[in-house]
Amino acid sequence: MTLQFRVLYREFLFRMVDLEMLAERADVARLLSQLAALLAALSFAISLSVLRYAFTRATPEALLISAWSDQHFLIATTMAVVGLFAVLSWDSAFPDRRDVLVLAPLPIRASTMFFAKIAALASALALTVVSVNSFTGLAFPLVFIPLGGGFFAGLRTLAAHWATLFAAGAFLFCSLLAIQGISAQLLSRRHFLRWSAFLQLAAFCIILCVYFLQPAIATPAGLSAERNQALLTWLPSYWFLGLFHALNGDLHPVHTLLAWRAVVGLAVAAGGASLAFLLSYFRTLRKAVEEPDILPGRRRASFRLPFGDSLRTAIVLFSLRTVLRSRQHRVILAGYLGVGSAIELAYLKSLIYGYAADPWWRVNIPLLVASVVMLCFSIVGVRAVFDLPIALRANWIFRVTAVHDAELYFRASWLALFAIACLPVLLATAATLAPIWPAAAVAGHLLLLGALASILVDLTLFGFRKIPFTCAYLPGKANIHVLAGAYIIVLTAITDGLVRGERRALGDPVSFAKFLAVLCIAAVWARRRTRIRAQGFDVQFDQAPPADLMTLELRRDGVLPG
Amino acid sequence: MLELRGVTKLFSAIAAVDHVSFQAAAGEVTGYLGPNGSGKSTTMKMITGLMEPTSGEILFNGEPVQRDLIGYKRRMGYVPEEPHLYLHLTGSEYLEMVSQLRGLPARAAATRIHGLLLLFGLHGDRHVAISSYSKGMRQKVLLSAALMHNPDLVLLDEPFSGLDVATGLVLRNLIEELASRGKTVLFSSHELETVERVCQRVVILHRGKIVADDSIANLRGLMALPTLEHIFTQLAVEQDTAAISREIADLIQS
């Protein structure tokens, strides 16, 4: 390997997940190892479930069904994680304008750049697949070793398992690369840059929806049933389940057909990605260089909406534009909304497959939960990104134009959070439920949702003394990684209880009035509490680090405080 | 009139600005000069209220600015040394946001923004994100944002940075025009020729301390030196610039 190749490979690999998107001045190697450790921890937790095969009294048929479902779960999870990684590294997958402008004046061959990029992509894919399967990849193949099979049968199962996982990951990764690369070839550079963000978002949504909503048919009967054949044509995770069985020596016609689809799908995806990559070196790089520095802009009249006085309008519009245009903030918010969507889809699955207690056209728990969960995650997500500054050094303009009382800035921040996080959820809920539910039930639900939104906005803004996106951020304050799971469980339990209460209240006007009154009182209390807390404080632009010394306020016995 | 009285700024017990006192009169352009690291931009940041002095006092029209900081900020326009802007906004959106933050009436703000964009030659690119702007275009946005509210005190820290020749000439005349209309202009720059043409008086800072505060004509006479560049070199430049240039050329040839 030449020195040039090694330097470029390292640079491309560490830039796969764009750090500007995740954290300012983050430590690349540390961040990637943290992500890998997180995936490995997930893998370890899942691998513990293999113990049930050792201590079960279930029949061999029941065990087989369970094992097939587990194998499908592992394949689908690997594909989902690889897909999300591909979405995260969307902008760094192909050489961009920065690469060209920095590297073109240097004496580097295009082929060196090309192979370094390919090697970086392959390494990133391999690392993702290995991380997410680090424990399960050793534990689960044990279940599939044929009875009486010796060491070599075990080795074959292990090899089949890993080959399937790599193939499934490569299929999804290459498919996304191919879609992105071919779009770049078909569209003009300007249109591609504009549509690329939508493609990225669409890929993110599709991956989540397919993962959470695909039917559980990973049984011998399910895979053979005539009614499922059309569905199986469109569900790649089942193709790779078939591939695993075929590689493991089970040549049942159903598996052979699915395995064939997997091989063809992988070949098409890999071919498409290779073609897109080759073309990108011949055409996209040239287009990127020839692109004018300033592209003509469009008039954005729709953004000139007034939100009260001029200060509120300025801060709401600034926040809205930041969320919509900053990739870093958008991706973090998408992460929160993704978790919300996952919980939402888990509830909606019962409605889609018809095993919910109520049909979709009646007031039902899944749809009520879906709107409440999305509201919660939207508020928490937007509030979280409010803390992350954009172009921190540009905040001087807010300082030199601070010609209003601080309280007015805090009110503007409240409105910004409500407008960005709550209004879209309320509008989407109204648009979804109005055509299918009685008007009174929809209006009632929206009223309750509005009151809940007000409470949550105040709770999350308690002690917030900043203008969104303008204050320095000290990372590492919260042990969110550890607590996130606990919060989600508690939130889901509370939401479930709240929604069941709401469902009862929507059928009885008196109960509804009481329910609404309680929420309104809570909203007024939360609003007052937040405003009292904000009084007397200035707008904060720098986050003070925790003091090096903390007094314990210990006193001698018998000495009164003060 | 802007007045600084014994203003000091310490960073970890090191004085970046050390007992600086001077006055900038209304209707005059005062040059504020010094080599890199002399404390010019720190002084500017203290005058704008971005940074608080460790000691000393800043007064505007005889009133300490801290007494009514909000009122003072309403009357001040500032062009910072570095063009730190919100790059995800368009030029038009940025100026609109600044006008809203300053509480300007919407109609008047729209008229002024439209006019400033036209006069600075940015109108055609007003809907383009600032991230696509050249350095000069960003500087024009900063100038527009600093002037749109008709400030009484104009603080310009390297305002010519990145500007083309034509816009540089416009700005030079504009600075003189603003002063002739009674505004207080404090102008910091490394372009000594421009300073010499535009400023009535100069304050020269070296290692955080004032080493000269007088009209340019007086300084020329007192020091018996022909140009501001000679005066500045004698007072604030410690290095043998010709020798350093030779050493650099020798190094890259070695």
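Guide: Let's settle on chain B, which the domain assignment (bounds come from an automatic or database source) splits into domain 1, residues 2-75 + 152-253, and domain 2, residues 84-150. Bear in mind that this is a predicted model: local features need pLDDT of at least 70, side-chain atom pairs count only at pLDDT 80 or more, and totals for chains, interfaces and linings use all residues. Residues are numbered from 1 along each chain as its sequence is written, while chains are lettered from A and ligands numbered from 1 in the order in which they are written.

The centres of the two chain B domains, taken over C-alpha atoms, are 25 Å apart. Eight residues of domain 1 and six of domain 2 make the contact, where contact means C-beta atoms, placed from the backbone, within 7 Å. On the domain 1 side there are four nonpolar, three polar and one charged residues (nonpolar: Ala, Val, Leu, Ile, Met, Phe, Trp, Tyr, Cys and Pro; charged: Asp, Glu, Lys and Arg; polar: the others, Gly among them).

Now for the sheet. Chain B has an open one of six strands, in the order 6-7-8-3-9-10 and with mixed pairing; strands (E, at least two residues) and helices (H or I, at least four) are DSSP runs numbered from the N terminus, and strands pair if DSSP finds at least two bridges between them. Strand 6 (76-79) and strand 10 (209-215) sit at the edges, each pairing on one side only. From one strand to the next, the twist averages 15 degrees. At the strand 10 end, strand 9 (residues 201-206) pairs with strand 10 in the antiparallel sense over six bridges, and one detail to look for is Leu205(B), whose bridge partner is Ile210(B).

Helix 6 (residues 165-180) of chain B covers strand 3 (29-33), strand 7 and strand 8 (184-188), at about 150 degrees to strand 8. Those angles run from 0 to 180 degrees between N-to-C directions, with axes fitted to C-alpha atoms, for helices over the stretch in contact.

Zoom in on Phe187(B). Beyond its neighbours within four places in sequence, Phe187(B) contacts residues including Val29(B), Tyr32(B), Leu156(B), Ile175(B) and Val198(B). Phe187(B) is also listed, along with Tyr94(B) and Leu243(A), among those with the most contacts inside the largest nonpolar core, which has 200 residues. Such a core is a set of buried Ala, Val, Leu, Ile, Met, Phe, Trp, Tyr and Cys residues joined through C-beta atoms within 7 Å, and buried means 20 or more other C-beta atoms within 10 Å of the residue's own.

Elsewhere in chain B, strand 1 (residues 2-11) runs antiparallel to strand 4 (residues 55-60) through five bridges, with Glu3(B) opposite Leu59(B). Strand 4 is also joined to strand 5 (residues 63-64), antiparallel, by two bridges; there Leu59(B) has Pro64(B) as its partner. That hairpin has two residues between the strands, and Asn61(B) takes a positive phi near 50 degrees.

Finally, chain B meets chain A through 28 of its own residues and 31 from chain A. Helix 16 of chain A supplies nine, the largest share of the chain A side.

Technical notes: Buried ≥ 20, exposed ≤ 12 C-beta atoms within 10 Å, placed from the backbone. Contact = placed C-beta atoms within 7 Å.
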